[in-house]
Amino acid sequence: MTAPDQTTTSETTVTTPEICGVVLAAGEGQRLRPLTASVPKALCPVGNLPLLDHALRRLAGLGLIGPAQVGVNAAYLADQVVTHATGRAHLSVELDGPLGTSGGVARLKEWIGGRGVLVGNADAYLVDPVREPGKDIAALIDGWSGETVRMLTKPCRPGETGGFSGRRFAGFSLIPWRFVVDLEDHNTDLVRTVWRPAEAEGALELIGYEGLYLDTGTPALYLEANLHAAGSGLIDPAAEVTGTAVESVIGAGALVAGSVTRCVVWPGATVEAGESLTDAIRAPGGLTVPVA
């Protein structure tokens, strides 16, 4: 997907527009505090893999790899994101603070350079049980004209309002250059500058996602994503478990001498002998976030 593809028929030649990918990783993750007091939301691990890496793996599954094809923005604790993504993505550091989803894309306009852009939120956790990452969202790109805005969606939940024709955003959208070119470099969001205007124009296409989507923006949803990734349990080979770990995710360098059930133990964190945690997140330094 890195260069225009041409398909020739007996009547016409169809050109698939060139696209690039952008992962929005500048957010402060305020709803995840205190977990994000010292770690940016984009680097919080799900299934022992930072959220940012989940997004980059999904773009790679579409053939979008490296700084020429993938951009990542950073603002909050930007140095950590920059260190993590250097060499794998073009980096846009918002030194004046997070610019929102729209402003973040706007600041990348020179790099986007006339291409369509597949924009994903770093906090999106997506899993399709029958399709690999990338292939699971390929419908966003397949047959795209380069003129419409496409949005990955799931049905709205009972009682949920504010969606798009009964559907809700599921982490990724595809935006043509004609919408990107007019975006302004200030703090605002794509729902106001792209999605609603495209809807009003009749140029918004809603693409269904068949798998699980969670935004991981709260401790409860973050734990749910980890437990889904864990299955019956996920222990990094570099962790040491001398106690018990049931249906939990244990990160590299973690030490579990106590008991954990349906928990996430971050890399380098410790659960001491005699401790018993259930439905909680344990970070280094003894930081514990219980999930009711």
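Predicted model: local features only at pLDDT ≥ 70, side-chain atom pairs only at ≥ 80, totals over all residues.
Q: What makes the radius of gyration of the chain agree with that of a compact globule?
A: For 292 residues the globule rule gives a value near 19 Å, and the chain comes out at 20 Å, so the two agree. The C-alpha trace spans about 70 × 40 × 35 Å along its principal axes, and 48% of the residues are buried.

Q: How many aromatic pairs does the chain have?
A: The count is two.

Q: Why is the pair of Phe164 and Trp195 called edge-to-face?
A: The ring centres sit 6.2 Å apart, within the 6.5 Å limit for a pair, and the planes meet at 80°, which is over 60, so edge-to-face it is. Phe164 is in the loop between strand 10 and strand 11 while Trp195 is in helix 6, so this pair ties together parts 31 residues apart in sequence.

Q: How do you know whether Phe169 is buried or exposed?
A: Its relative accessibility is 16%, and buried means under 20%, so Phe169 counts as buried. Trp195, at 10%, passes the cut-off too, so Trp195 is buried.

Q: What makes Phe164, Phe169 and Trp195 a cluster?
A: Ring pairs link them.

How values were computed
Residues numbered from 1 in each chain as written. Heavy atoms only, no water. Rg over C-alpha atoms; globule rule 2.2 N^0.38 Å. Buried < 20%, exposed > 50% of the residue type's maximum accessible area, 1.4 Å probe, protein only. Phe/Tyr/Trp six-rings, centres within 6.5 Å; stacked < 30°, edge-to-face > 60°. Helix = DSSP H or I, 4+ residues; strand = E, 2+ residues; numbered from the N terminus.
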